[in-house]
Amino acid sequence: ATPYWQKLTEVYPQSTYFNELGFIYLLRKLPEEAIKVFGKAAELDSDNYEYKMNIGFSYYLKGDFSAAEKIFSSLRDNQKSPLLASLLTLLSGYREGKRNQTLREIGRLKRSSSERWWSAPIEYLEKVVADEVKRGE
């Protein structure tokens, strides 16, 4: 699947294609690559804050919490999204090692938010944190 999306972004460099490729990289646990292509999507469509959110998710999953927090905070200042405040809460709990609390917050977000565009990255994040809880991290 990745070669197809890579070729598609070369032939038709559209932000949505770069965004999809970023999710493929995240599913393959390659957050560095995801950051690059989400960044390209954000360059092509700078008004779409979802692409910037995806960069923040990628930093979060990479373990670079300060970079994720910086992105989420900058978006919070420019957008009226309750999701951003919740993501900052998630980040804080995760960074402090409160994995079970983080899982509860993810569940609350999934039930309460009307913003559905982020369902794939939040479900991926839920899996990552749940796996860490199982391993006792």
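# Helices, core and ring pairs in a predicted model

User: Which residues of helix α1 (residues 2-11) are buried?

Analyst: T2, W5, L8 and T9 are the buried residues of α1. Buried means under 20% relative accessible area, exposed over 50%, and partly exposed in between, with a 1.4 Å probe and protein chains only. Helices are DSSP runs of H or I with at least four residues, strands are E runs of at least two, and numbering starts from the N terminus.

User: Where do they sit on the helix?

Analyst: Seen down the axis of α1, the buried residues fall within an arc of 125°, so they line one face. The arc is taken from the directions from the helix axis to the C-beta atoms.

User: Which residues of α1 are exposed on the other side?

Analyst: P3, Y4 and E10 are exposed there.

User: What covers the buried residues of α1?

Analyst: The cover includes α2 (15-27). Contact here means heavy atoms within 4.5 Å.

User: Before we go on, what kind of model is this?

Analyst: This is a predicted model: local features need pLDDT of at least 70, side-chain atom pairs count only at pLDDT 80 or more, and totals for chains, interfaces and linings use all residues. Residues are numbered from 1 along each chain as its sequence is written, and side-chain values use heavy atoms, with hydrogens and water left out.

User: Fine. How many helices and strands are there in the protein chain?

Analyst: There are eight helices and zero strands. From the N terminus on, the elements run α-α-α-α-α-α-α-α.

User: What share of the protein chain is buried?

Analyst: Buried residues make up 47% of the 137 residues. The protein chain exposes about 7500 Å², and carbon and sulfur atoms supply 49% of that area. Accessible areas come from the Shrake-Rupley method with a 1.4 Å probe; for residues, only the protein chains shown count as cover.

User: And contacts across the sequence?

Analyst: Take contacts between residues at least 6 apart in sequence. Of these, 46% join residues at least 24 apart.

User: Back to α2. Which residues are buried in α2?

Analyst: S15, F18, N19, L21, G22, F23, I24, Y25 and L26 are buried in α2.

User: What about the span of α2?

Analyst: At 1.5 Å a residue, the 13 residues of α2 should span 18 Å, and the end C-alpha atoms are 19 Å apart, which agrees. The expected span is 1.5 Å times one less than the number of residues.

User: What follows α2?

Analyst: K29 does, with a positive phi near 60°. K29 is a residue other than glycine. K29 sits in the loop between α2 and α3.

User: K29, buried or exposed?

Analyst: K29 counts as exposed, at 56% relative accessibility. R28 is found in the loop between α2 and α3 too. R28 is partly exposed, with a relative accessible area of 45%. R28 and T2 are 26 residues apart in sequence, with their C-alpha atoms 9.8 Å apart.

User: Now the core. Which residues touch the most other members of the largest nonpolar core?

Analyst: F38 and I55 do, out of 23 residues in that core. α1, α2, α3 (31-44), α4 (49-62) and α5 (65-78) each supply at least two residues of this core. A nonpolar core is a set of buried Ala, Val, Leu, Ile, Met, Phe, Trp, Tyr and Cys residues joined through side-chain atoms within 4.5 Å.

User: What is I55 in contact with?

Analyst: I35, F38, G39, A42 and I71, leaving aside neighbours within four places in sequence.

User: How many aromatic pairs are there?

Analyst: The count is two aromatic pairs. F23 and F38 form an edge-to-face pair, 5.3 Å centre to centre with 75° between the planes. F23 lies in helix α2 and F38 in helix α3, so the pair ties together parts that are 15 residues apart in sequence. The rings of Y60 and F65 have their centres 5.8 Å apart and their planes at 80°, so this pair is edge-to-face.

User: What's the rule for a pair?

Analyst: Rings of Phe, Tyr and Trp (its six-membered ring) pair if their centres lie within 6.5 Å. Planes under 30 degrees apart count as stacked, over 60 as edge-to-face and the rest as tilted.

User: What relative accessible area does F38 have?

Analyst: F38 is buried at 0%. F23 is buried at 16%, Y60 is buried at 2%, and F65 is buried at 18%.
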